[in-house]
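I opened this one to get my bearings. Here is what I looked up, entry by entry.

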Amino acid sequence: MNKEKEVVETGFHLENTYAKLPEKLFSRQDPSSVRSPKLVVLNLPLIESLGLNPEELKGEIGVGIFSGNKIPKGSTPIAQAYAGHQFGYFTMLGDGRAVLLGEYVTPQGERLDIQLKGSGRTPYSRGGDGKATIGPMLREYIISEAMYALGIPTTRSLAVVTTGENIARETYLPGAVLTRVAKSHIRVGTFQYTANWGTIEDLKALADYTLERHFKGEEIKGNPYLYLLRGVIRRQAELVAKWQLVGFIHGVMNTDNVTISGETIDYGPCAFMDTYDPKTVFSSIDTGGRYAYGNQPQITAWNLARFAETLLPLLSTDQEEAVAIAQEEIAKFSDIYHEKWMSGMRGKLGLFTEEAEDEVLVERLLELMEKEQADYTNMFLDLTFNHLQDTKFYEIKEFKEWYKLWNERRNRQDQSEEESKELMKRNNPAVIPRNHRVEEALEAAVQYYDYSVMEKLLLVLSDPYAHSKEQEAYKDVSKALSCGYKTYCGT
Ligand code: AMP
Ligand code: MG
């Protein structure tokens, strides 16, 4: 461990209740100190919403904390232990390049984890250097903030600093540290680790802590661990439905990247789909397409089954009965997911009411989009703003038929066409972080130290349902990198 860190007095006061859990669950670990930290992006709207002082965090105190050179008062930095199924294979992992500085309690009483990512080696680093480079940290910043603005539960990014160090990758790249804000970093993998290597008391302590942290104030009747299982299934079903509705592909849905809070975490190889195709994969290591767009719901169910397994000893003392209880809950996933997804699709098509044939209407549209290689986001925008009549798409006979059915369907509801359009505007984003736009912003920032492209992108992404003039240019897909675009994790 490093020598004692300088502790700073700040309004950014932290606690660490996680560090009171059984010792097996974490290791005390200070972040590494870095040579010459420099703040490159600070999330002012987030700082404000957390009731923190922007002036203090813009200055020396902020740079000190966000780089790991200084520790805010009250912080007990730790690295968390966890395991995970990576592409189906079970492995011991843990925070290999992150430290949890502690928890910040907002003025509204919400407890949030403050974690540094890229802050040096930990007992769980295995062969890794514990470091991160500027490109992937800015990428996480951009995409997590875009997800937040799209209304999708996600960890957020408070700041990125460069460290002044060169990190060895394929070439030497500038080092960086990202400060991540999360409801917690408890993962399915945290439960897997505890169930495998801990005692039943350890598992119970983790489950009780999780219930207290994420289900506080909810009325729990019956077995609390069954309640936990149900709650996590529901949150994950809602989350993956939201991903599908905007065309988000996580890319590395290993169980260590599945949160118990229901937030999206770990923006390594993720990307948004341009052309609609359920088989879309961007991650360079996902050669088998395990985590393709169309597989995400069933992979979530698989991950939740791994979660349920960890809870078996808490669900019943009779193992057979415990398995039966868990299976019954997992079996409900697909209905919960489907209900959420259909309700989102109705919104995307301007439908207020429910009819039995709505699903056929949606499926037929998606089939057509796949066949005609339509851009997923822009197709729904064209429907919203009634632009399709001027496009080639409208010449397609099957589409014309579909369009007629859709309009008839809309006319069967009491709401006006204008109301239907407004509903569609709230459900169909004008902008998503398109791959070519993200790459363009990263190139300017990383190669030319020009952060203006990224700032402009962040601004248009911050209100995706605004449908403003500034967003028009970001709909252009003529330069889209969809075909052959590759993403990488852990760099
Ligand atoms: P990820 O693919 O980002 O979910 O990471 C998988 C595991 O690899 C986690 O345990 C990370 O902490 C670890 N890891 C990723 N990059 C590094 C690195 N540069 N040094 C040490 N551990 C790392
Ligand atoms: Mg991870």
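**Ground rules.** This is a predicted model, where local features need pLDDT of at least 70, side-chain atom pairs count only at pLDDT 80 or more, and totals for chains, interfaces and linings use all residues. Residues are numbered from 1 along each chain as its sequence is written, chains are lettered from A and ligands numbered from 1 in the order written, and side-chain values use heavy atoms, with hydrogens and water left out.

**Metal.** I checked what holds the magnesium ion (ligand 2): Asn257 (OD1) and Asp266 (OD) coordinate it at 1.9 to 2.2 Å. Donors here are N, O and S atoms within 2.8 Å of the metal (3.2 Å for Na, K and Ca), and water is not among the atoms, so the site may look incomplete. Asn257 is buried at 8% relative accessibility, and Asp266 is buried at 19%. Buried means under 20% relative accessible area, exposed over 50%, and partly exposed in between (1.4 Å probe, protein chains only).

**Asn378.** I found Asn378 in helix H12, buried at 14%. Helices are DSSP runs of H or I, at least four residues, numbered from the N terminus. The Asn378 side chain reaches the backbone oxygen of Lys475 at 2.8 Å.

**Positive phi.** Most residues other than glycine have a negative phi. Asn386 has a phi near 55°; I located Asn386 in the loop between helix H12 (376-384) and helix H13 (397-411), partly exposed at 38%. Tyr449 has a positive phi of about 55°, sits in the loop between helix H15 (435-448) and helix H16 (452-461), and is exposed at 61%.

Technical notes
Helices (H or I, at least four residues) and strands (E, at least two) are DSSP runs, numbered from the N terminus. A polar contact is a pair of N or O atoms within 3.5 Å; within protein, one must be able to donate a hydrogen and the other to accept it, and residues adjacent in sequence count only if both atoms are side-chain atoms.
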